[in-house]
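The stops below are to be selected in order.

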Amino acid sequence: MPKRYEFHSRLSPEEIYIRLRAYAKPQKWDSCNEKTFYYKRLKKGFLLTYTGEWYGKRALPLWVQITEEKGGSLISGGFPVWGWAWQTAALFFGFTVLMTPIFGIPLRMYPMIITMLLLYVPICAGFWGWTGAAFDRKKRRAILEFIQTYLLE
């Protein structure tokens, strides 16, 4: 179970989005500037990510949900490390299965390929989840400090 973070802000949800646009850049497919915060607006919240010191490498995003409460807003969310790892591994699995006909692999090889991938995907998910949890601590801390600095008031 990922750790959840909760912040109580005196700002309304609309004011939070205005500040988010002022201090972070909208995330696009080619967004990868050094030391930059990026956001992606969702229906009831946003994703917030940070590139850190390395150009082009983003950390796992903070999935944020904003709910209006008396006198402000509740900002809550977490870093879904294991969900991200499983999603990445599943995409790799699907890509491999879809690409095998293009490379001319016979249908009789599919059971072996799928069995190997079913063994390989959990290992990859575990590795990606562990490395994400271990090596992105500074970036996650920077994202949380961004919220405390700019979105709480």
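Select Arg41 and Tyr17: Arg41 lies over the face of Tyr17, at 3.4 Å from the ring centre. A charge is said to sit over a ring if NZ of Lys or CZ of Arg is within 6 Å of the ring centre and within 35 degrees of the ring normal. Next, select Arg140 and Phe79, where the charged end of Arg140 is found over the ring of Phe79, 5.9 Å from its centre.

This is a predicted model, in which local features need pLDDT of at least 70 and side-chain atom pairs count only at pLDDT 80 or more, while totals for chains, interfaces and linings use all residues. Residues are numbered from 1 along each chain as its sequence is written, and side-chain values use heavy atoms, with hydrogens and water left out.

Now turn to the aromatic rings. Rings of Phe, Tyr and Trp (its six-membered ring) pair if their centres lie within 6.5 Å; planes under 30 degrees apart count as stacked, over 60 as edge-to-face and the rest as tilted. By this rule there are 6 aromatic pairs. Select Tyr23 and Tyr150: their ring centres are 4.1 Å apart and their planes are at 20°, so the pair is stacked. This pair links distant parts of the chain, with Tyr23 in helix H1 (residues 13-23) and Tyr150 in helix H4 (residues 137-151), 127 residues apart. Helices (H or I, at least four residues) and strands (E, at least two) are DSSP runs, numbered from the N terminus.

Tyr23 counts as partly exposed because its relative accessibility is 42%, and Tyr150 counts as partly exposed at 29%.

Move on to strand E4 (residues 45-50), where 6 of its 6 residues are buried. Gly45, Leu47 and Thr49 point one way from E4, and Phe46, Leu48 and Tyr50 point the other way.

Finally, display the neighbours of E4. Two strands pair if DSSP finds at least two bridges between them. Strand E3 (residues 37-41) pairs with E4 in the antiparallel sense over 5 bridges, and Lys40 has Leu47 in E4 as its bridge partner. A hairpin is formed by E3 and E4, with 3 residues between them. Strand E5 (residues 62-69) also pairs with E4 in the antiparallel sense, over 4 bridges; there, the bridge partner of Leu48 is Leu62 in E5.

Methods. Buried means under 20% relative accessible area, exposed over 50%, partly exposed in between (1.4 Å probe, protein chains only).
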